[in-house]
Amino acid sequence: LVDFIKSHNWARTATYAELSAETGLYASDSIIGRLLKKEGFRRYIAYPKLWLTQRQRQERLAFAHRVSSWT
């Protein structure tokens with residue numbers, strides 16, 4: 001189950017029922033949750049990444065050009 005989650009990006013946001021069906025490990029949600037918790041996985045709400053506006057992109061690029069000589 002852990003290998004499956006690590007090898008498929010979409011599996012990190014899948015429900016326990018979806019993981020159960022995809023892996024063929026037909027177990028209850030609580031059992032899958034316990035197994036994943038034991039392996040160090042935690043459940044979090046995935047928030048969408050905020051997209052940068054064109055102005056923010058230009059400002060970041062200008063900043064990067066200004067500080068490129070620092071390293």
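**View A. Ser 20, a buried residue.** Ser 20 counts as buried because its relative accessibility is 6%, where buried means under 20% relative accessible area with a 1.4 Å probe, protein chains only. Ser 20 lies in helix α2; helices are DSSP runs of H or I with at least four residues, numbered from the N terminus. Leaving aside neighbours within four places in sequence, Ser 20 is in contact (heavy atoms within 4.5 Å) with Leu 25, Tyr 26, Ala 27 and Ile 32. The model is predicted: local features need pLDDT of at least 70, side-chain atom pairs count only at pLDDT 80 or more, and totals for chains, interfaces and linings use all residues. Residues are numbered from 1 along each chain as its sequence is written, and side-chain values use heavy atoms, with hydrogens and water left out.

**View B. Phe 41 in a loop.** The loop between α3 (29-38) and α4 (54-67) contains Phe 41. Phe 41 counts as buried because its relative accessibility is 17%. Not counting residues up to four places away in sequence, Phe 41 touches Val 2, Ile 5, Lys 6, Arg 12 and Leu 36. From C-alpha to C-alpha, Phe 41 and His 8 are 15 Å apart in space, and 33 residues apart in sequence.

**View C. The largest nonpolar core.** This set of 10 residues comprises Val 2, Phe 4, Ile 5, Ala 11, Ala 14, Tyr 16, Leu 19, Ile 32, Leu 36 and Phe 41. A nonpolar core is a set of buried Ala, Val, Leu, Ile, Met, Phe, Trp, Tyr and Cys residues joined through side-chain atoms within 4.5 Å. α1 (2-7), α2 (16-23) and α3 each give two or more residues to this core, and α1 gives the most, with three.

Note on methods. Buried < 20%, exposed > 50% of the residue type's maximum accessible area, 1.4 Å probe, protein only.
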